[in-house]
Amino acid sequence: MATALAAPDEFHGLRVEPPKALHGGMLPDQDGRDTAFPLIRETWQLVFFGYTHCPDICPMTLHKTGILLKELGSESVRVTPVFISIDSGRDNPEALRTFLKQFEVRAVGLSGDPEALQAVANEFGVLVRRFQGKTALAYTLEHSSFLYLLDPQGRVRLLYPGSAEISGIAADLRRLWRDDSMDGRGTSPGKGEVDRAGSERSRPRQEQAVEEDAARR
């Protein structure tokens, strides 16, 4: 990733400083719906890359992610796991859906055409090597196994090796949520605040300028 990785500073993962904004793109999910990535929803996203024919790393990562959600308890609704396939040749929406159903984890699965997937993988610096077998579809893929933590704005904040402890990821999330809550970013504005903000935006800019000038006087 073309962004500096900061010292842990008591985090269990490596902080990305400044947080890395992503261009992303549109990718079909496991139900065949075109989905914007990063996801447009008010949750943190735990992103990892893999493929449904993966013999070990990908199933283990999904299993660990399910454990993480259980450890977070009621706060798990604040996290959305996202599994992005690097295997456009075999991982259509049906294959993704069948694969994800094997695990006790509510993950969003994304796939797509080779160009779209490569563009997303490049933003994360994901490396993939293909080892061809005896037939066209008999191949294996070697890939990076990092997990990437995105904030609700879709920026990469932390990354973890595949060997990261679940308890450490959970601790980092709780710390981030605590910090956001302390500086006011962890709460949504009330209806009155939204109405006032909308009212301010709808007023003519000239009127606002006149009032601001009067206030300065």
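This is a predicted model: local features need pLDDT of at least 70, side-chain atom pairs count only at pLDDT 80 or more; totals for chains, interfaces and linings use all residues.
## Cysteines

The sulfur of Cys58 lies 3.0 Å from the sulfur of Cys54, which is too far for a bond. A disulfide needs the two sulfur atoms within 2.5 Å. The structure as a whole holds zero disulfides. Cys54 is therefore in no disulfide, with the sulfur of Cys58 as its nearest cysteine sulfur.

Both residues are shielded. Cys54 is buried, at 8% relative accessible area. Cys58 is buried too, at 1%.

## Aromatic rings

Ring pairs come next. A pair of aromatic rings is described by the distance of the centres and the angle of the planes. Searching the whole structure gives eight aromatic pairs.

One of them joins Phe37 and Phe124. Their ring centres are 6.2 Å apart and their planes meet at 40°, so this pair is tilted. Phe37 belongs to strand E4, residues 34-37. Phe124 belongs to helix H3, residues 114-124. The pair therefore ties together parts that are 87 residues apart in sequence. Phe37 is buried, with a relative accessible area of 3%. Phe124 also counts as buried, at 2% relative accessibility.

Another pair is made by Phe146 and Tyr148. Here the centres are 6.4 Å apart and the planes stand at 45°, so this pair is tilted as well. The surroundings of its two members can be set side by side. Phe146 is partly exposed, with a relative accessible area of 32%. Tyr148 is buried, at 2%.

These residues belong to a wider group. Ring pairs link Phe37, Phe49, Phe124, Phe146 and Tyr148 into a cluster.

## A charge over a ring

Arg175 lies over the face of the Phe11 ring, at 4.1 Å from the ring centre.

Where does Thr80 lie? Thr80 is part of strand E6, which covers residues 79-85. Is Thr80 buried or exposed? At 4% relative accessibility, Thr80 counts as buried. The cut-off for buried is under 20%.

The side chain of Thr80 has a polar partner. A polar contact of 2.9 Å joins it to the side chain of Thr43. Thr43 is also among the residues that Thr80 touches once neighbours within four places in sequence are left aside.

Conventions. Residues are numbered from 1 along each chain as its sequence is written. Side-chain values use heavy atoms; hydrogens and water are left out. Helices (H or I, at least four residues) and strands (E, at least two) are DSSP runs, numbered from the N terminus. Buried means under 20% relative accessible area, exposed over 50%, partly exposed in between (1.4 Å probe, protein chains only). A polar contact is a pair of N or O atoms within 3.5 Å; within protein, one must be able to donate a hydrogen and the other to accept it, and residues adjacent in sequence count only if both atoms are side-chain atoms. Contact means heavy atoms within 4.5 Å. Rings of Phe, Tyr and Trp (its six-membered ring) pair if their centres lie within 6.5 Å; planes under 30 degrees apart count as stacked, over 60 as edge-to-face and the rest as tilted. A charge sits over a ring if NZ of Lys or CZ of Arg is within 6 Å of the ring centre and within 35 degrees of the ring normal.
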